[in-house]
Amino acid sequence: MSVTILGTGLAGYTTAREIRKLDADLPITLITADDGHNYSKPMLSNGFAKGKTAEGLKQQSADQMADALGATVLTETRVTAIDTATRRLTTDTGEHPYDSLVLATGAQQIRLPLEGDGADDVVSVNTLWEYATFRDRLDGKSTVAVMGPGLIGCEFANDLCAGGLSCHVIGPDAYPLERLMPAPAGHALQQALTSLGTHFHLGTVVSAVNRHGDGFRLALSNGEHVDADIVLSAAGLVPDTALARAAGLDTARGIVVDRCLRTSDPHVYALGDCIEIEGLLMPYVMPIMYMARALASAVTGNPAPVSLPAMPVAVKTPVHPIVVSPPAPDAVGHWHCETQEDGGVKARFESEDGTLLGIALTGAMAVRQKVALQRELPPVLA
């Protein structure tokens, strides 16, 4: 009996750690297309102002992780196919059999349809190596255009402006973080980021990116233009389901798993950004911790359904701290907002009978109420 894990991000390495806690001898192999360095992915969107290079974000090498986990880590190895009938992986370095397989393949950056001779020069930052490229391009530059006013786009805007750059945030939403919180909370964040040097272009999208001098000129759908030295896409992520789909596993928005993190094949499991569980995507850090423990129990012979409590997310916008726990997509109710003395907003999403189903807290005063409000929130998966 052995376990093979595809991916050495947070989900892959955390799963290996949890398995090792339960079984000191079970053979574990991790396979990754990159060099397998362990690093904190959340730091990618707030490392610039701290002066962090890609090298500075690395924590342990693949060899160090292999030693710590008592595992084999195969780096620079791309898996091209999964044969569930024979339980074999095809890679660009040969074939590898597996007993139990864990897919921790993460998510891919959404590629926006753009015209113009600069469209291929748009950068995204979803890995440490993309961050390294981005940091190199920032050298000597002053202005960055960020496509996407969501969580990642706002985190980058805060980080870049705090690091002394000018930033333009562009997107179709009416206000920042529109999908996570109500208008008063979004406007409070927008005002704070604007005071830091962010320029917002909302209710519009980028239609074309063209080279202009040493930088780029962005044509917006509302007829306006924005000039920038670098164009960063932060339009969101989609689960990476390509391998699973090609292998015949059930996929929807993500790789479909049950409450024990098992896919439609009994020998294949999945967790993290790549999955869909009971119709929900799980794109944040805390769910991975709970799922890794449940998955480790399953592959070591003691399956138990994963339960997920309410897990508010802290948005890394220090100029205006934010904690959000949006209501479930099918929740029925209304936002109730209170402006705080520091200009922040305390927002509660309540059902008709007053049950708390979601929160959005902005500004230091509101954020301090997180713990008390979290106790009232329903679990994500009971």
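This report describes helix packing and selected loop residues in a predicted model.

**Helix H1 and its two partners**

Helix H1 covers residues 10-22, and its axis comes within 8 Å of the axis of helix H8, residues 285-299. The two axes cross at roughly 40 degrees. Angles under 35 degrees count as roughly parallel and those from 65 to 115 as roughly perpendicular, and H1 and H8 are therefore oblique to each other. The crossing of H1 over H8 is right-handed. On the H1 side the contact is made by Leu10, Ala11, Thr14, Thr15, Glu18, Ile19 and Leu22. H8 contributes Val285, Ile288, Met289, Ala292, Arg293, Leu295, Ala296, Ser297 and Val299. By class, the residues of this contact are 11 nonpolar, 3 polar and 2 charged.

H1 also packs with helix H3, residues 62-69, at an angle of about 20 degrees and with the axes 10 Å apart. Because angles under 35 degrees count as roughly parallel, H1 and H3 are described as roughly parallel to each other. Here Tyr13, Ala16, Arg17 and Arg20 of H1 meet Ala62, Met65 and Leu69 of H3. The residues of the H1 contact with H3 divide into 5 nonpolar, no polar and 2 charged.

**Helix H8**

The 15 residues of H8 should span 21 Å at 1.5 Å a residue, and the end C-alpha atoms of H8 are 21 Å apart, in agreement with that figure. Buried positions in H8 are Pro287, Ile288, Met291, Ala292, Ala294, Leu295, Ala296, Ala298 and Val299. Of these, Ile288, Ala292, Leu295, Ala296 and Val299 are also named in the contact with H1. An α-helix has 3.6 residues a turn, so residues three or four places apart point the same way. Just after H8 comes Gly301, with a positive phi of about 100 degrees.

H5 is mostly covered, with 10 of its 12 residues buried. These are Leu151, Gly153, Cys154, Glu155, Phe156, Ala157, Asn158, Asp159, Leu160 and Cys161. The buried set of H5 includes Glu155 and Asp159, both of which count as charged by residue type. Following H5 is Gly164, whose phi is positive and near 100 degrees.

The axis of H5 comes within 9 Å of that of helix H6, residues 183-196, and the two cross at roughly 25 degrees. H5 and H6 are therefore roughly parallel to each other, and their crossing is left-handed. Cys154, Asn158, Cys161 and Ala162 of H5 make this contact with Leu189, Leu193 and Leu196 of H6. The contact of H5 with H6 comprises 6 nonpolar residues, 1 polar and no charged. Cys154, Asn158 and Cys161 are among the buried residues of H5.

| Helix pair | Axis distance | Angle |
|---|---|---|
| H1 and H8 | within 8 Å | roughly 40 degrees |
| H1 and H3 | 10 Å | about 20 degrees |
| H5 and H6 | within 9 Å | roughly 25 degrees |

**Loop residues**

Leu26 lies in the loop between H1 and strand S2 (28-31). Its relative accessibility is 7%, so Leu26 counts as buried. Leu26 and Ser2 are 24 residues apart in sequence, with their C-alpha atoms 6.0 Å apart in space. Apart from neighbours within four places in sequence, Leu26 is in contact with Met1, Ser2, Val3, Ile19, Arg20 and Thr300. Of these partners, Ile19 also takes part in the contact of H1 with H8, while Arg20 takes part in that of H1 with H3.

Two residues other than glycine have a positive phi. Arg87, with phi near 55 degrees, sits in the loop between strand S6 (79-83) and strand S7 (88-91). Arg87 is partly exposed, at a relative accessible area of 28%. Glu278 has a phi of about 50 degrees and is placed in the loop between S21 and strand S22 (280-281). Glu278 counts as exposed because its relative accessibility is 53%.

Technical notes:
Residues numbered from 1 in each chain as written. Predicted model: local features only at pLDDT ≥ 70, side-chain atom pairs only at ≥ 80, totals over all residues. Heavy atoms only, no water. Axes fitted to C-alpha atoms, helices over the stretch in contact; angles between N-to-C directions. Helix = DSSP H or I, 4+ residues; strand = E, 2+ residues; numbered from the N terminus. Parallel < 35°, antiparallel > 145°, perpendicular 65-115°, else oblique. Left-handed = near helix turned anticlockwise from the far one by under 90°. Contact = heavy atoms within 4.5 Å. Buried < 20%, exposed > 50% of the residue type's maximum accessible area, 1.4 Å probe, protein only. Expected span 1.5 Å × (residues − 1).
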